[in-house]
Structures are given as C-alpha cells and as structure tokens.
Amino acid sequence: MRLLEVEHPAAKTLVDISMSQDAEVGDGTTSVVLLAVEILKQMKPFVEEGVHPQILIRNIRAAASIAVQQIHSLAVDFDTSSSEGRDMLLKTASTALNSKLIASHQDLFAPMIVDAVTSLASHPDGLDDLRGMIAIKKIPGGDVRQSFLVKGVAFKKTFSYAGFEQMTKKFRHPKVLLLNVELELKNEKENAEVRIDNPDDYQSIVDAEWQVIYGKLDACVQCGANIVLSKLPIGDLATQYFADRGLFCAGRVEEGDMKRVAKATGATVQTSTNGIYEGVLGTCEEFEEKQVGDERFNIFTGCPCSLTSTMILRGGSEQFIAESERSIHDALMVVKRSLKSQSVVAGGGAVELEVAKHLREHALSIEGKGQLIVNAFAKALEIVPRQLCDNAGFDSNDILSALRRKHAQDEDGKWYGVDIENGDIMDTFEAGIWEPTDNKSNSLASAAEAAGVILSIDETVINPRSQDPGAATGMMGAPAGGMGQKPLSNMMGSAMDAVSAGNGGSRSGNLGGGVSYLKGRGGG
C-alpha cells in the first residue's frame with residue numbers, strides 16, 4: 001500500500017494503519033484495513049439515524065478495549081527454549097506463509113525463518129534490529145527450492161579492477177579489516193595550487209602522491225589482515241598490490257553489509273590506516289567467494305557472533321522473488337513478535353468469533369445505545385472468517401452459522417475456525433494454525449482507532465479537477481478576448497450561494513475558486 005498515491009483523507013488513514021501494522025507486527029496489514037472498513041460499515045446506520053459521532057467513538061473504543069483484554073485471556077503461553085516452543089514458532093511461521101505466494105514451499109522457508117530469528121534472540125537487544133541483522137539477497141534464475149540460509153554474512157561481489165582474479169578466494173580463520181578509507185591513487189583536488197622554483201621539483205610532488213597510497217597499503221598488509229573491505233573504492237593499484245601478497249579486497253561495500261560483517265566477525269570499522277592493531281580486526285571460521293546463479297557472492301561463515309544471517313532467494317522471475325521477499329519479511333516479523341510475546345492464539349477466524357461472542361454477552365449489561373453499538377462492533381469482527389470463506393469459494397453464511405453455534409453451545413469450541421480445504425469448520429489450534437497474540441490485539445486496536453478518526457471528521461474541503469482539460473485558470477491562462485473573467489452564470493451562481501447561505505439556505509457546492517464544500521463523514 002505504500003506505493004499507492006492516495007489523496008482521500010479517509011483512505012489515507014486506512015493506509016497509515018496498514019503501514020503501522022507492518023512496522024509494529026509485520027503481518028496482518030490486510031486484516032487491519034478489512035476490520036476498520038467493516039466497523040465503519042456497521043456504524044453507518046447509526047450515523048444516518050443521527051447518533052452523535054462521539055457516542056459511537058466512545059463505545060467503539062470501549063468495545064475494542066474489552067476485545068483486546070479477551071484476546072490476552074484466551075492466549076496460550078509457550079516456552080521458546082523448549083522443543084515444543086520451536087514447534088510453535090514453526091507453526092506460526094507456516095501460518096504467516098499460508099496466504100502468500102510461496103505457501104507451497106513453507107516446509108523449506110519456515111525452518112530458515114525460525115533459525116534466523118532465534119539466532120537473534122540469544123542477544124538481549126538482538127530482536128530490535130531484525131531488519132539490520134537479517135539480510136535478504138535476491139538472485140533471479142533457478143528454482144525456488146534452491147534458496148538457502150547462510151548463518152553469517154553474504155553479499156554480492158562488488159565492482160573490481162584488473163588483478164581481482166589473481167586474489168585468493170578462500171581462507172580458513174582469516175583476519176578481517178574493515179575500512180572507511182579510499183585506497184585509490186588520487187590527484188590533487190581542483191583549484192589546488194603548487195608553486196615550484198625548479199621543474200625537477202614536480203617529480204617530488206608526484207612521488208609524494210605515490211608514497212601516500214603505498215603507505216596506506218603497507219599499513220593494511222603489516223597489520224596481519226587477510227581480507228580488506230572498504231565502503232569507499234579500492235583502485236586497480238591497491239587490487240594488484242593485495243593480490244600479489246595473497247590478500248582479498250573488496251571496495252564499495254554497502255553500508256548494511258559492512259555493518260553485518262562488523263557484527264558477525266567482531267571487527268571495527270577504521271577511518272584511517274594509521275595505528276591499526278590486532279584488536280580492531282575480526283575473524284571467522286571460513287571465507288569463500290562462491291558462484292550462485294549468475295552472481296558471485298562473498299560468504300563469511302562460522303562467525304564468533306551468531307546474530308547475523310543472510311537468506312539467498314532464487315526464482316524464475318524478479319516479480320516472483322520480490323513477492324517472496326515480502327512474504328518472508330512478514331513471516332520474520334511474526335516469529336519475532338511470537339518470541340517477544342511468547343503467546344499465541346488460533347487463526348482461521350476462531351479468535352474473532354470467540355471475542356464477538358464475549359462482546360455480545362457483555363453488551364447485555366449495557367444500557368442505552370451503547371448496547372447496539374457494541375453488538376455492531378461484534379458483528380464487524382465476523383468479517384475475518386467471512387472473507388476467508390469467500391476467498392476459498394465457500395458459502396460464508398452456512399459456515400458462519402455453524403461456527404456461531406459451535407462457539408455458543410460447545411465449551412470446547414472456542415478454537416473452531418474455518419476449514420478452507422474442506423469447506424467446513426475445524427479446531428484450528430489443533431491443526432497448528434497459530435498467530436501471535438500481539439498480531440490480533442494490535443489489529444483490533446488499530447482498526448478501532450482508525451474508525452474513530454474517520455467518524456470524527458465533520459466535513460472535507462477538496463479541490464476538484466476541471467472537466468475541461470484546456471480550461472483557463474485565472475488571468476494568466478485566459479484567452480485574449482475574455483481577459484480571464486469567469487462566465488456570468490458562474491458569478492451569479494456564487495452570488496446566489498452566498499445569499500442563500502446567509503439566509504440559512506443550502507449551498508449548491510460552489511465556494512468559488514474551484515473549491516467544493518462537502519458535508520458528511522470522511523468527505524462522503
């Protein structure tokens with residue numbers, strides 16, 4: 001949704017809550033928009049009957065608060081350090097991938113996702129920088145089953161000069177030097193002025209430039225490093241210099257990859273080649289440059305700090321790989337949220353129906369209009385199982401009726417949801433369809449908040465586009481004969497609007513200057 005150019009203020013609110021859900025939880029971006037729209041749909045009859053928006057907003061917030069509390073009371077806790085906890089993480093990752101393009105390959109991707117995220121959980125603050133520590137690299141070509149996880153760092157071979165092929169491409173227990181220094185022979189900058197008395201002095205200036213670059217290269221070799229990486233360019237002279245001495249080098253390394261290498265190997269990025277000592281060098285068990293598809297990758301494995309991981313995605317087309325990347329990002333965030341909350345609820349619309357039943361029971365204790373509003377909020381929650389039925393091609397009325405009866409009459413029916421394979425109902429918790437508690441609670445809270453914001457809008461002023469593409473606007477674009485004046489009919493219409501509005505009458509919609517006056521909720 002971030003790619004949509006949305007102008008309508010109510011629609012912008014829905015896009016905002018979707019992006020908020022993506023940032024906070026990572027999954028459920030479609031569900032939160034679906035819930036918000038359904039809440040507004042259920043509140044529309046109350047608006048048409050003249051119920052004040054503040055009454056609606058107050059009761060929506062109260063119902064959402066009760067719903068979130070009920071979700072937390074239904075949640076099932078688990079221990080992530082046990083084998084059962086890992087199984088639960090695998091099932092939450094599989095559930096997140098179920099609705100994605102790579103659903104048929106969840107047996108491959110779910111273990112990779114869980115391994116990558118659990119490696120971060122060993123560090124107190126590791127999960128906070130998940131996007132920075134877990135990289136996803138896309139390589140078009142090959143089969144999707146050829147995707148793999150590197151427990152370390154992998155990045156694409158950078159631009160290289162002559163002499164690169166002579167370098168050593170594989171090391172065992174190498175020492176890694178990270179630089180933010182340009183290792184390239186540079187002439188003096190523009191506007192530099194050097195005055196000499198003797199033409200022979202010019203050679204000393206040229207020699208000094210060479211001595212500067214050779215001094216930097218000697219410092220890199222003498223510190224004992226086997227691999228030299230730099231954010232800035234490493235020129236052809238430096239490339240050949242390192243190749244002759246059995247070192248590997250790469251320049252123009254991306255900042256994110258440099259950060260992951262520093263985290264994994266324990267190296268410290270240096271901004272100067274002076275005073276380099278062994279303490280700033282990193283290490284790993286093995287470094288190798290491998291061919292993956294049409295690309296060559298530099299891969300660091302067996303790193304002392306096991307926080308970083310890299311997922312290499314393969315696929316037949318760039319569009320498929322891009323969609324796979326988005327799907328894996330959602331699953332990564334879901335597993336991260338599961339590790340933080342350490343509790344799950346059943347998916348498939350089960351938790352929404354159980355919360356809706358609880359809200360209907362609670363509504364009986366409310367006097368006045370609030371009872372009807374809370375009941376309407378409860379009905380809005382049923383849009384999730386209803387949409388699941390519609391997406392699977394089944395009759396939603398029959399399945400929802402069976403689910404309501406199961407949740408109302410059976411004490412053990414709280415985890416019953418939609419069985420999209422057989423067009424029936426099933427215990428989704430037993431089937432392993434689990435979602436993090438925070439996913440559901442955040443969706444409900446965000447949807448209710450967005451519905452309240454939109455309901456609180458009194459009126460919207462917009463500037464409509466002209467129906468005539470060649471219409472003149474103002475004096476500058478007017479024809480010579482018209483002198484930029486408005487037609488008499490429009491001027492009279494605006495004048496009549498002003499008189500009518502002054503006498504308490506209605507407006508035709510023209511406020512002058514192409515501005516429309518629209519009254520209603522969210523500009524409707």
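Two strands are taken to pair if DSSP finds at least two bridges between them, and helices (H or I, at least four residues) and strands (E, at least two) are DSSP runs numbered from the N terminus. In these terms, strand β14 (residues 416-419) and strand β15 (residues 424-427) pair in the antiparallel sense over four bridges, and Asp 419 has Asp 424 in β15 as its bridge partner. The two strands form a hairpin with four residues between them, and Gly 423 in the turn has a positive phi of about 70 degrees.

The model is a predicted one, in which local features need pLDDT of at least 70 and side-chain atom pairs count only at pLDDT 80 or more, whereas totals for chains, interfaces and linings use all residues. Residues are numbered from 1 along each chain as its sequence is written, and side-chain values use heavy atoms, with hydrogens and water left out.

The protein chain contains 16 helices and 18 strands. Of its 524 residues, 45% count as buried, where buried means under 20% relative accessible area, exposed over 50%, and partly exposed in between (1.4 Å probe, protein chains only). The accessible surface of the protein chain comes to about 26,900 Å², of which 49% belongs to carbon and sulfur atoms; accessible areas come from the Shrake-Rupley method with a 1.4 Å probe, and for residues only the protein chains shown count as cover. Among contacts (heavy atoms within 4.5 Å) in the protein chain between residues at least 6 apart in sequence, 74% join residues at least 24 apart.

In soluble globular proteins, nonpolar side chains tend to be buried together. A nonpolar core is here a set of buried Ala, Val, Leu, Ile, Met, Phe, Trp, Tyr and Cys residues joined through side-chain atoms within 4.5 Å. The largest such core has 83 residues, of which Met 43, Phe 109, Ile 113, Val 117, Ile 328, Leu 359 and Phe 377 touch the most other members. Helix α3 (residues 53-74) gives the most to this core, with 10 residues. When residues up to four places away in sequence are not counted, Met 43 touches Leu 56, Ile 60, Ile 373, Ala 376, Phe 377 and Leu 455. A second, separate core of 41 residues includes Cys 220, Ile 234, Cys 249 and Ala 250.

Strand β4 (residues 152-156) is largely enclosed by the rest of the structure, because four of its five residues are buried. This strand pairs with strand β11 (residues 295-301) in the antiparallel sense over five bridges, and Gly 152 stands opposite Thr 301 in β11. Thr 301 is itself partly exposed, with a relative accessible area of 27%. Apart from its neighbours within four places in sequence, Thr 301 is in contact with Val 150, Lys 151, Cys 284, Glu 285 and Glu 286; the C-alpha atoms of Thr 301 and Glu 286 are separated by 5.5 Å, although the two residues are 15 residues apart along the chain.

An open sheet of three strands has the order β1-β13-β16, with antiparallel pairing. Its edge strands, β1 (76-77) and β16 (434-436), each pair on one side only. Between β1 and strand β13 (residues 343-346) the antiparallel pairing extends over two bridges, with Val 76 standing opposite Val 344 in β13.

In helix α9 (residues 255-265), the buried residues are Asp 257, Met 258, Arg 260, Val 261, Ala 262, Ala 264 and Thr 265, and just after this helix Gly 266 takes a positive phi of about 85 degrees. Positive phi values also occur in residues other than glycine. Arg 252, with phi near 55 degrees, is found in the loop between β8 (248-250) and α9 and is partly exposed, with a relative accessible area of 39%. His 173, which has a positive phi of about 55 degrees, lies in the loop between β5 (170-172) and β6 (175-179) and counts as exposed at 51% relative accessibility.

On the surface, Leu 185, Trp 210 and Tyr 214 form a nonpolar patch with about 240 Å² of accessible area together. Tyr 214 lies in helix α7 (residues 201-222) and is partly exposed, with a relative accessible area of 32%. Such patches are made of residues with over 30% relative accessible area and no salt bridge, like charges being joined within 9 Å and nonpolar side chains (Val, Leu, Ile, Met, Phe, Trp, Tyr) within 5 Å; a salt bridge is a side-chain nitrogen of Lys or Arg within 4 Å of a carboxyl oxygen of Asp or Glu.
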